[in-house]
Amino acid sequence: MKKSNYLFLFLLFQISVYGQEFNLLRQNDNLDVLDSLNYKYPYQKLKKISLTKNTTLSFGGSWRFQAESFINEQFQKQRNQDNIWYLNRFLLHSHLNINNRLEFFAELGSSLATNKDEISPVDKGNLYVNQLFVKYKITQKWNIAAGRHNMRLGSGRLVDIREGPNVRRLFDFAELNYRSNNFNAKTFFSIPVKPNLEVFDNDYLKFYETFSGIYTTNSFSEAINLDAYIFHQKDDEATYNSGIGNERRTSVGFRHFGRYKRLSYNNEAVYQFGTFGNQNILAWTLSLNLEIETIFLGKEFGLGIKTEIISGDTDAMDNKLNTFDALYPRGAYFGRVARFGPSNLIDIHPYINATFNKLEISFDYAAFWRYSLNDGVYGAALTLDYPDVNNKRFIAHQIGTILGYQLNKFVFFELESNVIFPEGFLKNSNRGDTLYHFVLTSEIKF
């Protein structure tokens, strides 16, 4: 094919996809601009099909490809370090909207892993129902929904769709929502779906783990927004440094976020109580995030700092469990490398980011310490990956860089690299080798 033909197809694609705004959760895509177009290309017609005067049907999807590699993945040198693997995730959805009152949304997923030795349920699912739910608008302010979906609440610190890994987190749920100009409230009951590797074999409606709560957002101004929430989690056979047992945990939290001139902030505090086996739960976390926009050499830069204190267990032999449980956080809590999870941790995390036309650049540094010397270090899945075997507090330094290129709002490329330098705790756990991590991502949405 001649170069001129390639150029024509590229320009045609650029024109034909005009008029859509994609969301991370595709049920929230904004297709309203399509209504104002006098002429629609075939792709645009497929994006929003008018079945009747007030009934529309839309289709869409995405393909994400990742190539990922570790060197010294567990801070230990191995003879064979040629371990690059490939992850593909395909999502395809349809959305039926009847009279702007009744909605049906269905999304299939296929997550494939190639050349990876140890495959986990977050890496692979040959074919599965990612989302399938119905939503009904009772009035302009009230609606109900039920089915299966990806759930994200607030900043995603405690409840997130887990976009980093190859398989998103799924919940079977029922919820009641209220929305006004300045106040939103969600009341829900859900059951986490346990992912499996093959075709339509995910476990569902297993009531040994349930998650319910109320989440509210009150917007006073651009500078002052307040979230308040209460969650309850039931989890049989949970694992902590102090043992294995049935867990009943309640979390009460507040989040203050907003923007004042060039300063933005996102701060959150959570207190947890309940029971774990014969122990009483008393845990907490405090998270602060400040970012300011500044101009240097005519370019805008974002300078920020995050810091968190996350409680850990103070004594494995007493009747109290102080290890904080972040419930269902994003899998890549501290970058895609995801070595440390949000339990028993103190971290300081300065960063800088900038955008040059279509190129996005970010650089960050993080230092990690154990909050309690009597508790271990947990992984991103809140598993006890590094048990308490010494009295050292300093865990590691981490340096990360991200280069992202947004060709248009439908095609995106990203290269992320991380280096983690072990310190006292890891070195004295026979894990003293520097970890290197690389991941290349491309994604196409349609």
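Student: Where does Trp-63 lie?
Tutor: Trp-63 lies in strand 2, residues 55–71. Bear in mind that this is a predicted model.

Student: Sheet pairing next. How do strand 3 and strand 4 pair?
Tutor: In the antiparallel sense, over 13 bridges. Strand 3 spans residues 85–98 and strand 4 spans 102–114.

Student: What about the hairpin of strand 3 and strand 4?
Tutor: It has 3 residues between the strands. Asn-99 takes a positive phi there, near 60°.

Student: How many bridges join strand 4 to strand 5?
Tutor: 9 bridges, and the two strands run antiparallel. Strand 5 covers residues 125–137. Phe-104 stands opposite Val-134 of strand 5.

Student: And strand 5 with strand 6?
Tutor: Antiparallel, with 6 bridges. Strand 6 is residues 142–149. Tyr-136 faces Ile-144 of strand 6 as its opposite residue. The two strands form a hairpin with 4 residues between them.

Student: How does strand 6 pair with strand 7?
Tutor: Antiparallel, over 8 bridges. Strand 7 holds residues 171–179. Ala-146 stands opposite Ala-174 in strand 7.

Student: New topic: salt bridges. How many are there?
Tutor: The count comes to 18 salt bridges.

Student: Which residue does Arg-336 bridge to?
Tutor: Glu-68, with the closest N and O atoms 3.3 Å apart. The pair links distant parts of the chain, 268 residues apart. Arg-336 is in the loop between strand 15 and strand 16, while Glu-68 is in strand 2.

Student: Are Arg-336 and Glu-68 buried or exposed?
Tutor: Both are buried.

Student: What about Glu-443 and Arg-89?
Tutor: Their side chains meet in a salt bridge, at 3.8 Å from N to O. This pair also links distant parts of the chain, 354 residues apart. Glu-443 sits in strand 20, residues 435–445, and Arg-89 in strand 3.

Student: Why do Glu-443 and Arg-89 count as buried?
Tutor: Buried means under 20% relative accessible area. Glu-443 is at 12%, so it passes. Arg-89 is at 1%, so it passes too.

Student: What does Lys-194 bridge to?
Tutor: Glu-209, with the closest N and O atoms 2.7 Å apart. Lys-194 lies in the loop between strand 8 (183–192) and strand 9 (209–219), and Glu-209 lies in strand 9, so the bridge ties together parts 15 residues apart in sequence. Lys-194 is partly exposed at 30%, whereas Glu-209 is buried at 6%.

Student: Which residues do shared partners join into one network?
Tutor: Arg-64, Arg-89, Glu-163, Arg-168 and Glu-443.

Student: Switching to rings. How many aromatic pairs are found?
Tutor: 26 in the whole structure. Take Tyr-178 and Phe-183: the ring centres are 6.2 Å apart and the planes are at 50°, so the pair is tilted.

Student: How accessible are Tyr-178 and Phe-183?
Tutor: Tyr-178 is partly exposed at 21% relative accessibility. Phe-183 is partly exposed as well, at 30%.

Student: Which residues do ring pairs link into a cluster?
Tutor: Phe-171, Phe-188, Phe-211, Tyr-215, Tyr-229, Phe-231 and Tyr-328.

Student: What lies over the faces of Phe-257 and Tyr-351?
Tutor: Arg-255 lies over Phe-257, at 3.8 Å from the ring centre. Lys-306 lies over Tyr-351, at 5.5 Å from the ring centre.

Student: Back to the backbone. What is the phi of Lys-261?
Tutor: About 55°, a positive value although Lys-261 is not a glycine. Lys-261 is in the loop between strand 11 (243–260) and strand 12 (263–276). Its relative accessible area is 65%, so Lys-261 is exposed.

Student: And the phi of Ala-338?
Tutor: Positive, near 50°, again in a residue other than glycine. Ala-338 is in the loop between strand 15 (320–321) and strand 16 (345–356). Ala-338 is buried, with a relative accessible area of 19%.

Key: Residues are numbered from 1 along each chain as its sequence is written. This is a predicted model: local features need pLDDT of at least 70, side-chain atom pairs count only at pLDDT 80 or more; totals for chains, interfaces and linings use all residues. Side-chain values use heavy atoms; hydrogens and water are left out. Two strands pair if DSSP finds at least two bridges between them. Rings of Phe, Tyr and Trp (its six-membered ring) pair if their centres lie within 6.5 Å; planes under 30 degrees apart count as stacked, over 60 as edge-to-face and the rest as tilted. Buried means under 20% relative accessible area, exposed over 50%, partly exposed in between (1.4 Å probe, protein chains only). A charge sits over a ring if NZ of Lys or CZ of Arg is within 6 Å of the ring centre and within 35 degrees of the ring normal. A salt bridge is a side-chain nitrogen of Lys or Arg within 4 Å of a carboxyl oxygen of Asp or Glu.
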